[in-house]
Each structure stands twice: as structure tokens, then as C-alpha cells.
Amino acid sequence: MLSNIISSQDFHTLYGGIVPELASRSHTEVISKVVDSALETAKSKISEIDAIAVTTSPGLVGSLLVGSNFAKGLAIKYNLPIIPVNHIEGHIFSGNLQKGDTEFPLISLVVSGGHTAIFLVRSYSDYELVGTTVDDAAGEAFDKIAKMLGLGYPGGPAVDRLAKQGNARAYNFPRSMLNQNNFNFSFSGLKTSVRYFLQKEFPGGAPEELFPDICASVQEAIAEVLSIKTLKSAKKFNCNTIVIGGGVSANSRLRQMLLEKSKKYGIRVVMPNMEYCIDNAAMIGFVASKKLSELGADTFLDLDFTVSPNAIRGRKVIP
Ligand SMILES: Nc1ncnc2c1ncn2[C@@H]1O[C@H](COP(=O)(O)OP(=O)(O)OP(=O)(O)O)[C@@H](O)[C@H]1O
Ligand SMILES: [Mg+2]
């Protein structure tokens, strides 16, 4: 990897959430500079580029349109193939950015702010959704519970940090759907259970010295469901490799538990370096380069693709 430029839009915190129109306007303002600095950091010229990759889903349509139209413009001007990538595909392979090639089929756990899903992956272009959350994503559960404790946003990293000094068995929070015979998840019950627990036990607010125990117990419940269900799916579909990705894949307890449990069955776990857990361009470029060698440049000459806010459902062969 020669460069991985990230341009963040911190101003959304003023509004308590992302404002779609402001997000796409801001993309329009920075996109040329981001591409220029990617080339500069990589000490490359655009004439040396073989292909262009661009995220086309899922996400905010306005922002996706800015990226895909800019990429199409470059592809026309420089006569290059263009590879549309679903950004969840990027999360699936973010661990392979450092580890290189992988063996198929594999099981992928994508755990981010908006997704909690298990995919059976047969190639760099063939994904099957085998389980997903029926309500909140795991990242949302971390964020909402952290908010109840006044830990700020995003809450996942703060919970992880406090949990390191806490006792994970101090409180027994629910492990929803753990014993059901499917690979789906539910985290809204956990969130409600923590809310009732805090209201009942500490009507005036939980004392800060108990935060580590509360955080460790919440984190344990989330990590346990995620790792047990992921492992079960790997066994069911005869996969020797599990890969994880998305912001929550940075969680230290999830990483540790998944490694411990998988070791017993000889299953390899591939995890992204911390900087590649959250959204990044490098993972999109990686998937695109694999698709390019799997399917050939002729597959990617069509500019007639569009963007979509939708996640992957069922089995999908992309493109
Ligand atoms: N160490 C951690 N432990 C638990 N959760 C974490 C940790 N670090 C980050 N997170 C969580 O990761 C989430 C953000 O992840 P990410 O940036 O991948 O999501 P997103 O890109 O907004 O969503 P999506 O990819 O679904 O569109 C937040 O919910 C955050 O709390
Ligand atoms: Mg993401």
C-alpha cells in the first residue's frame, strides 16, 4: 500500500449526527485534494495508475454520488477501468490488507456502526449473508450504552478502555439469540436491560468507580454472542478461516475471545490492524485489485453503474 488518505468531517458533532447534505457538499470540496494527496504520498502520477476503485454502496447516496461521479470522470479522462466496490466488501477483507491472499470459503464477521453481519464468502466477488442483526448493530449498542454512562461518542473505544480495569462477571447481562439455531443477532434487549439496571440500581446515576465493572460486563455479553455465533457458522459451513472487520473489530475482548475459541478448532482468525478497522480507502483498493485479477479489466469498462444505500442481502455476486 502506497497511501491511505483519510479526510474526516468532524463538524457533524455540532449537530449530534451526520447531516447528509453537508456531508456531500464537504466531499465535493475535498475530493480533488484527497486524490492529489494520495498520488503525492504514493509518489505516483495518474498516468501510472492501472484502474480506479470507488465505493458505490451502502451509505448516504449524496456522498456516494460525489465519489462515483468523480471516479467516472477520471476513468473517462484517463481511459481506465473502473471497479465499483460495496464498502462492506472492503470491511470483509480489511484484515487481508496486511496478510495478503486468503483461502476460500471463509466466514466474515462485519461489525460496524451500522452493520452486524456474518457472510459466507466464496471468492472476492461472491458473498452470502448468513446472519444479521434483527435490530441494533453491535456498534450502536456500544455507543448507546456508553451514552447512558455519559462516556461520549463514539462509545466503543471508551467502553473497551474502562473494561480493562473491570470484572466481566460483575453483572450478568443478556446474551440474546445465543441459543437459537441461526446466525442472527439482537442487541436491543441488552441495551434495554442495561437501561433498567442503571435506573433501578442507581436512580441518581451510577458511581464512576463501578464503570469498569459495568463496561466489562456489557463488553463480555457482546463479545460472547459475536464470537460464539461466528465460530458456529464457520463450523457449519466448513470454513477454516474467519475474518473480521468494521469499527467493533477493534474491540480487544472480541479479538481475544475469538482467537481463544477458534484455536481449539484449528480455525485461523484474520483481524485488521487498528487503523483499518474503521472506514478507509485502502480496503476498497485492495478488494478492487483482487476483483481485477479475478475477473479481468474487460469486466470493468462499463460506466453505467449507480450508487445504492442498501446493504448486501441474500447471495450476491458482485459485479
Ligand atoms: N474498541 C472498540 N470497541 C467497541 N466498539 C468500537 C471500538 N472502536 C470503535 N468501535 C465502534 O465502531 C463503530 C464505528 O465503526 P465504523 O466506522 O466501521 O462504522 P460506520 O462506518 O459508521 O458504519 P457502517 O460501516 O456500518 O456504515 C462505532 O459504533 C464505535 O463505537
Ligand atoms: Mg463502514
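The questions and answers below concern a predicted model, and they take up its ligand shell, its nonpolar core and its strand pairing.

User: Which helix gives the largest share of the shell around ligand 1?

Analyst: Ligand 1 is surrounded by 19 residues, and the closest are Gly113, Gly114, Gly139, Gly156 and Gly247. The elements that contribute two or more residues to this shell are helix 5 (138–148) and helix 6 (155–163). With four residues, the largest share comes from helix 6.

User: Why does the largest nonpolar core lie between domain 1 and domain 2?

Analyst: This core has 75 residues, of which Ala138, Val159, Val218 and Ile242 touch the most other members. Helix 8 (residues 211–236) gives the most to the core, with 12 residues. The core lies between the domains because residues are given to it by both domain 1 (10–91 + 280–317) and domain 2 (98–276).

User: Which residue of strand 8 is the bridge partner of Asp126?

Analyst: Strand 4 (residues 116–123) and strand 5 (residues 126–132) run antiparallel and are joined by six bridges, and they form a hairpin with two residues between them. Strand 5 also pairs with strand 8 (residues 315–317) in the antiparallel sense, over three bridges. In strand 8, the residue that partners Asp126 is Val317.

Note on methods
Residues are numbered from 1 along each chain as its sequence is written. Chains are lettered from A and ligands numbered from 1 in the order in which they are written. This is a predicted model: local features need pLDDT of at least 70, side-chain atom pairs count only at pLDDT 80 or more; totals for chains, interfaces and linings use all residues. A residue is near a molecule or strand if its C-beta atom, placed from the backbone, lies within 6 Å of it. A nonpolar core is a set of buried Ala, Val, Leu, Ile, Met, Phe, Trp, Tyr and Cys residues joined through C-beta atoms within 7 Å. A residue is buried if 20 or more other C-beta atoms lie within 10 Å of its own, exposed if 12 or fewer, and partly exposed in between; C-beta atoms are placed from the backbone. Domain bounds come from an automatic or database domain assignment. Two strands pair if DSSP finds at least two bridges between them.
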